[in-house]
Amino acid sequence: MSRDLSVTGTLAKFVADTRWEDLPAEATHQAKRSLMNFFAVALTGCHNETIETAFRTLTKFSAGQQATLIGRRERIDALNAAFLNAAGSNVLDFCDTHVPTAIHPTAPLAPPLLALGEMQRVSGRDLLLAFVLGQEIECRIGLAISPSHYNRGWHITATCGVFGAAAGSGKLLGLSPEQMVWALGSAATQASGLCECLGTPAKSVGVGHAARAGFLAALLAKENFEGPAEPLAGKQGYYNALAETPKLEALTEGLGAHWEIMPTAYKPYPCGFVLHPALDCVLDWRRDHPDDAVEKVVVIGNPLMSLRANRPNITAGRESQVSVQHAVAAALVTGKAGLDQFTDACVNNPEVLALRSKVELRQDPAIPTVAARVTVATSGGKTYELSQPAARGSDANPMSDKDLENKLRDAAANWNPYHDIPPLIDAIWSVERSDNIASLAALTVPRA
């Protein structure tokens, strides 16, 4: 691997030096869209059984009540709030996706920024700036080793999200370029997360840890807690320790001109994003053929679909979120792909179980991750060839601002039908005019 021992320093200086005026309007608007989606998925997951267990465990060791837990009346210390809010926003696989890397960037990034907004005064402009920069860093670090890193079994949301949390938190803390390098170093030594944990509660540990660890790295750096000069490309740094040969140009090429927040996808379905193009196909087909009995389904997708979601023999709702066979069968049986389709009950539905065995998965490297081809054969002898070139919600086929508003409205209605959610929607769209973001998370706290 060629050495460039200034690469971390270049990223650190970029984060420290970039100002609000340097951001294009489309990047700040996309940040607001990501926050809208974040609050929707955080409200959806805030009382999930996995999060309840994590809360009961962590609250035993928390002496502080510095920060809000989204969607809950309880408060907790800022570091553990970052953990729980990150885990809660990702627990149901309903969060956003950076299409080129498959990183879910907002889950580990937004929670520490919101927690910091309750520890110190943070303006809306500063929040958006830190958010855009945090996503830039985590996604560029991931781009340099995509797709090999994810394909090896590292959960890239956690292993790269920790850098986003450190960079974004460090920006709000006003770190110098040198301190930012130290923060990225402390983040690098904590980077972890395994794809083997997908479909289990352990996945949430990696995502929550990324938020808390990156936050801690920035807090330590603010106190001049030193780290290595080149934690990313150093001889025993992040990339070498992972046995990767990174594309170092991905870290800095177009830095400040091309923004990685732009190719962000938002999910209409609460499951792995690689499943979405196939779901689009079969849902559209079922709408037009409500009474046809299905004999066989062949799904052809990018190899990542097979690598992450070829799981025909699942037994639990959590596993179903990353099973092509289940997602397709459940959509064809129920005509829907919502939260109810990824539960233990749906996994054990006899009709879904029977159809799951008739779903075959194939791979084609020429198909993008956001696309799929599907063949549906019916018992009446007809065969239908379906295709989706760009999944709904992808950067090439995006959800509208109104779609994202409605996603938050629906999430709020299911979480607490009596809660007044429009003030939060208005606050997100106008956040750059706020001089104190502490009220954002507070707008999700249910009234007694």
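Author: A helix here is a DSSP run of H or I with at least four residues, numbered from the N terminus. With that in hand, let's look inside this predicted model.

Reader: Happy to! How many cavities of 30 Å³ or more does the structure hold?

Author: A cavity is a set of points where a 1.4 Å probe fits but cannot get out. With the cut-off at 30 Å³ or more, the structure holds 3.

Reader: Which helix gives the most to the lining of the largest cavity?

Author: The largest cavity has about 250 Å³ of space, and 20 residues line it. Closest to its centre are His-104, Tyr-150, Gly-272, Phe-273 and Val-274. The helix that gives the most to this lining spans residues 303-309 and supplies 3 residues; it is α14.

Reader: How many residues of that lining of the largest cavity are charged?

Author: The lining divides by residue class, with 10 nonpolar and 7 polar residues. Asp, Glu, Lys and Arg count as charged, and the number of charged residues in this lining is 3.

Reader: Thanks! Which helix gives the most to the lining of the second largest cavity?

Author: About 80 Å³ of space lies in this cavity. Two helices, α3 (49-59) and α4 (78-90), each supply at least two lining residues. The one that gives the most, with 4 residues, is α4.

Reader: And how many nonpolar residues are in the lining of the second largest cavity?

Author: Among the residues that line this cavity are Ala-42, Cys-46, Ile-51, Phe-55 and Arg-72. The lining includes 3 polar residues and 1 charged residue. The nonpolar residues number 7.

Key:
Residues are numbered from 1 along each chain as its sequence is written. This is a predicted model: local features need pLDDT of at least 70, side-chain atom pairs count only at pLDDT 80 or more; totals for chains, interfaces and linings use all residues. Side-chain values use heavy atoms; hydrogens and water are left out. On a 1 Å grid over the protein atoms alone, a cavity is a set of points where a 1.4 Å probe fits but cannot get out, and a pocket is an open set with protein on both sides within 12 Å along at least five of seven lines; lining residues have an atom within 4 Å of a point. Grid points are joined across faces, edges and corners, and a volume is the space filled by probe spheres set on the points.
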